Amino acid sequence: MAGKRKTNEAGSSTGHRADALRVLGVLKAATADQIQRLSSPHLTYRHTTKKTAAERKEARTASHRGALNDLRRHGLSVDGGRTRGGEEVRLLTKDGLAAAGLELDRGPEEMGGMPKSAGRSGASHAMTVNETVIAMIRPKPDLALVAGEPAEAIAAAHAWVDAPDGIGSIASYATEVALPATGTWRNPGVGCAWADIVLTAPEVGLPLLFIEADNCTEEAPIIAAKFDKYMRHFHRKVKDTDGQDKPMWRTRWSAPDPQWGDATHPPVLLVFNQVGPRPALQQMKKVAALTREHWQGQGADGFHLYNDKMPIVATTLDLLREHGPAGPAFWRFGREDRQNLWDAIGNPRRDAALARRAEDARRRQAQEAAEREAQRPVCADCGTKFTDDRWKASIAVDWGRGDSHPHLCDDCKTRALQAERQAEQAERERQQQERQEQEAAQASKAGGWLGRWRSDPAPSTPAVRGLAQGRLGKPSLSVAAARLNRMDSDDEQLLRGRIYGADHDHPGPKPGRRYAELVGGPLDGLLLDITGWRPEEIDDGVSLLTELGQFGPGGRALYDPRPGDPARWDWGGDSP
């Protein structure tokens, strides 16, 4: 214990020294009271039985004052003068800033700069910055650490815990951050903007917010000039690691991509602390008038679009303390009423209008879907509603042909096609059986067919032409081919080269006549005399009497000229 006391003579704990380093690493200059309220808010509700406010403050800040004294002895902090109220202000040394960076997990370039003239000026501006951060965070006490305190203190702690929350923790903030219009982040050019506070809290819908604090001591044109510098920085583009040109601020901070027609720059919050002689509300109006070119949007359908504009919001420190970020403490330049912070920096009218449009579109789509569903076909067999694909296929027309079963679902159509194929197969088998039976019946008559053919009187050529002109419709397959297969070679030789309808004494072709060879069927190999036939008569084909066909005596064999070879006429079937 003696060794620890010698190292930290003020007797501070490691936790309190770490608290002090984190707070000073963000705020750069702070009092023990501010460090305590940010890091140990439960202490505010202790020592409430002390008689005076000064005694209560001294008691609740004792631990952190001891931590600051030990940091000073280690060369990590120095005295920064006193506030106008007489409180000691502490600053971090270069080594202290490095130690704070380790506590905050930030690199040197992320720590920001030191406030200027903090000691000489009474740190008025730095204290306003600190109070703004505290009002934004609204640190809540751990009620378990307040147990045992007087009932009034416990009730006050409960009331504060139940009050609207603030935004983030001390690690969500940074102060004195350069926004270079020229130069780099590490070495910004002369005349760049320096943000008093930068808040990053994407977890609550605030990915990036710049905050400026003013004590109502500066002229409105001087304040307005800061926004000119902001806009120069926002317009600056540099190459990112992917080789693409991007706004410089996007290479350091993350933010959602801009929405169509409303690509705004990051918002800026202006907090006035009524310390100086200029009324805060008048300052707001003057600054708004001087910065109109940076924030004024364009009217749309019931709302405004702020493409390439900077949302500027103003409030007072008193309103911020009273309502917090979630309360109606913020006035957006160009609007009439105060809003909460999210509505003030956002575009709720646009969001509402887009939501209405989306809802209208949703209703239309739902109505169209319902109407379409009412028209959806139902399978005529099983009653199942068609799927979208089946519906589309049922009405599709491909090469002039539609769906074979447009009133059936896929499953029923498959079964129907299978049934049809089976029926067709059964019909083919039936017809084949019937042909075989007919062939067997005709086979018994085939013995004397050649003699009968020889003894028939030879029809004259005009008679043949008459048969062609009186041609009947073609039937299905004939058994003549099978019957011819059973003829012996002598019978086939007798038919080859003979003229259909010629007498037996002069059966062969004659000079000067035109003949067509009959191919296939019962008259295969015979020649047909077509001398003098007109083209339309030839195109019509012929129906020739023969008892050799499927229908026996009185039957006919049908022949048509072969396309591209008119000297050969192909058998097309038999008819009664």
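## Working through a predicted model

I154 comes out partly exposed, at a relative accessible area of 27%. Keep in mind that this is a predicted model.

**Exercise 1.** Work out why I154 counts as partly exposed, and find what surrounds this residue.

*Solution.* Start with the cut-offs: buried means under 20% relative accessible area and exposed means over 50%. I154 has 27%, so it lands in between and is called partly exposed. Now look for its contacts, skipping residues up to four places away in sequence: I154 touches V146, G148 and E149. Finally, check L143, eleven residues from I154 along the chain: the two C-alpha atoms are 7.8 Å apart.

**Exercise 2.** Find the residues with the most contacts inside the largest nonpolar core, then list what one of them, Y173, is in contact with.

*Solution.* The largest nonpolar core holds 46 residues, and M136 and Y173 have the most contacts inside it. As background, nonpolar side chains in soluble globular proteins tend to be buried together. For the chain as a whole, 42% of the 576 residues count as buried.

**Exercise 3.** Describe how helix α3 packs against helix α5: axis distance, angle, handedness and contact residues.

*Solution.* First the geometry: the axes of α3 (residues 32-39) and α5 (residues 62-73) come within 9 Å and cross at roughly 115°. The handedness is next, and α3 passes α5 in a right-handed crossing. Then pick out the residues: α3 brings A32, I35, Q36 and S39, while α5 brings H64, R65 and L68. Sort them by type and you get three nonpolar, three polar and one charged.

**Exercise 4.** Determine which strands β15 pairs with, and in which direction each pair runs.

*Solution.* Begin with β16 (residues 527-529): three bridges join this strand to β15 (residues 515-519), and the two run antiparallel. Within that pair, Y515 stands opposite D529. Move on to β19 (residues 565-575): three bridges join this strand to β15 too, but here the run is parallel. For an example, follow L518 across to β19, where its bridge partner is W569.

Conventions
Residues are numbered from 1 along each chain as its sequence is written. This is a predicted model: local features need pLDDT of at least 70, side-chain atom pairs count only at pLDDT 80 or more; totals for chains, interfaces and linings use all residues. Side-chain values use heavy atoms; hydrogens and water are left out. A nonpolar core is a set of buried Ala, Val, Leu, Ile, Met, Phe, Trp, Tyr and Cys residues joined through side-chain atoms within 4.5 Å. Buried means under 20% relative accessible area, exposed over 50%, partly exposed in between (1.4 Å probe, protein chains only). Contact means heavy atoms within 4.5 Å. Axes are lines fitted to C-alpha atoms, for helices over the stretch in contact, and angles run from 0 to 180 degrees between N-to-C directions. Helices (H or I, at least four residues) and strands (E, at least two) are DSSP runs, numbered from the N terminus. A crossing is left-handed if the near helix is turned anticlockwise from the far one by less than a right angle, and right-handed if clockwise. Ala, Val, Leu, Ile, Met, Phe, Trp, Tyr, Cys and Pro count as nonpolar, Asp, Glu, Lys and Arg as charged, and the others, Gly among them, as polar. Two strands pair if DSSP finds at least two bridges between them.
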